[in-house]
Structures are given as structure tokens and as C-alpha cells.
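This is a short walk through one protein structure, taking a strand and then a helix. Please keep the structure in view while reading.

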Amino acid sequence: MLYLIPTPVGNLEDMTLRAIKLLKEADLILCEDTRTSQPLLKHFDISGKRLMAHHKFNEHGTTAGIIERLKGGEIVCLITDAGTPGISDPGFYLVREAVEAGIEVQTLPGATAFVPALVSSGLPCDRFCFEGFLPQKKGRQTRLQELATEQRTMIIYESPRRVVKTLEQFCESFGAERRISACREISKIHEESVRGTISEVLKHFKEHEPKGEFVLIVEGNTSPNTECKTDTPSAKSHDETVKKESKYQRKLREREENI
């Protein structure tokens, strides 16, 4: 069995009892960084002897051996530095290979950064899209242009050193009056959500140095004039069809009148 186990994004008390139990029973614990995971495991009296590094730089080399251990009947748990594995963290590749090998995979409910940020933002959370970290260079402007017409609430991760630049780009692509909630240090002592228009939140972080990892919750495009470009030809084709049908009907009527 492969278990994906969320770890606290801030407060250690967010760790679930089931997560602690499984980590204590596991034959192997995969972690993103042993230096980060050791203190967490020590806090909950979990032995670190079964710890193995598994991250985006080595996962293609370690996964085959892990799959063999799973086939041999071992219980393997995957954790990351913080949050749920696979959400902007390693996990997808191992899960895919395990599923293809016929190994059962279970993910525990638990800590993740974007859910509390979304729910406490004050923006609609019935429909949303998760973007994670935007491309740093190549493709960034293209992605922002695509998101400018996105009608669902958007969830975007950002680091403190880039957040001001990102907010400036949001102003250009989405408009300065679009609403946003910038949530940082989730589940930590200095947790904060700064809400307002993009220009207001940008001004705040230009005056107050951004600290901690950010989750940006951006309002979707609510403009009634936002339409998909592919709608236009369809509408035109429909109008032409109506005109042709009307002309055909007129000819039928004229023929009947002549008879």
C-alpha cells in the first residue's frame, strides 16, 4: 500500500492522528527533504531510520525501487516538506507508476495551503481553478492573458520575493480593480489575509515587506461582455441558416399561391 500523507503547512497540531499512526507503522517513509522532515517526525516520536529522500530531482531514479518494495508487501508513506503530496509538490510520478503497477494508493485528508486561503478570501469558492506557481519566464505572459478571461476564482502560489512583481502583472493583465485576497503564513503565528482590489493589495505590499509563502486568490472575470471568440462564427452561421430557411419558405409560399 502507498499512502500519501499531508503534513502541516504551519501549526504542527494540524497533523492528524491517522497520519501519525501510519507513519509509525510504515516500512518506508519517503520525504522531500530529510532535514525538514526529521524534526516533524521527532516531534511525534516517529523513528527516522526508515526515511528516504524522494523529490523532483531524483524521483525518476528512485521510483522503480520503491515500486518493487511495494510489490513485496511493504507499507510506504510519502510526505513532503509541507502540505499534501502532489499539490505543487512531488507525488504525481510515483502515484502514476504505482497505479500502473496495480498497487493500491490512498491519500489522507489533511493540510493544504490553498483550501483555507480560498474559503477565507471572501471570493466565490463554488467554482475555482488551481494554477499553482505560474511559469517564471517563458509562457508567463501568455498564461496571464489566458487567465484574464477566466470566470472562475483563481488560486495562484507565489514566493515573497516575487509577489510585488506578480501583483503588478495582475494589474496589467486583469485590471487594477479586480478583487484579490493575498494570504500568507497560513496556519502560522503571523498568518494574514490582505483583501481588496489588486491595486490596493499591491500598494500594501509595497509599503510592507512581503514575508512568508503566499496564496493569491483572484476574482474571476465577471464582465458581461466577456465572450468566447469561437461564439461569433457560430452565431453568424445560425443567422445565415435562418435567412436561408426564410427564403426557402417564401419560395414555397409563392409557388403555392401561383398554383
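Which residues of strand 7 lie on one side, which lie on the other, and are they buried or exposed? The model is a predicted one, and in it Thr-153, Ile-155 and Tyr-157 lie on one side of strand 7, with Met-154, Ile-156 and Glu-158 on the other. All of these are buried, and both faces of the strand are covered. Strand 7 spans residues 153–158, and six of its six residues are buried.

Next come the neighbours of this strand. Strand 6, residues 128–133, pairs with strand 7 in the parallel sense over five bridges. Within that pairing, Tyr-157 stands opposite Phe-133. Between strand 6 and strand 7 the chain passes through helix 6, residues 140–147, in a right-handed β-α-β crossover. Strand 7 is also joined by five bridges to strand 10 (residues 214–218), and these two run antiparallel. There Tyr-157 has Val-215 as its bridge partner.

Now turn to helix 3. It covers residues 59–71, 13 residues, and reaches 18 Å from its first C-alpha to its last, close to the 18 Å expected at 1.5 Å a residue. Its buried residues include Glu-59, Thr-62, Thr-63, Ile-66, Ile-67 and Leu-70. Seen down the helix axis, the buried residues fall within an arc of 145°, so they line one face of helix 3. Among the elements that cover them are strand 1 (2–4), strand 2 (28–31), strand 3 (51–53), strand 4 (76–78) and helix 4 (92–100). The face turned away from the buried side carries Gly-61, Ala-64, Glu-68 and Lys-71, which are exposed. Just after helix 3, Gly-73 takes a positive phi of about 100°.

Notes:
Residues are numbered from 1 along each chain as its sequence is written. This is a predicted model: local features need pLDDT of at least 70, side-chain atom pairs count only at pLDDT 80 or more; totals for chains, interfaces and linings use all residues. Side-chain values use heavy atoms; hydrogens and water are left out. Helices (H or I, at least four residues) and strands (E, at least two) are DSSP runs, numbered from the N terminus. The expected span of a helix is 1.5 Å times one less than its number of residues. Buried means under 20% relative accessible area, exposed over 50%, partly exposed in between (1.4 Å probe, protein chains only). The arc is that of the directions from the helix axis to the C-beta atoms. Contact means heavy atoms within 4.5 Å. Two strands pair if DSSP finds at least two bridges between them. A crossover is right-handed if, with the strands pointing away from the viewer, the path from the first strand over the helix to the second runs clockwise.
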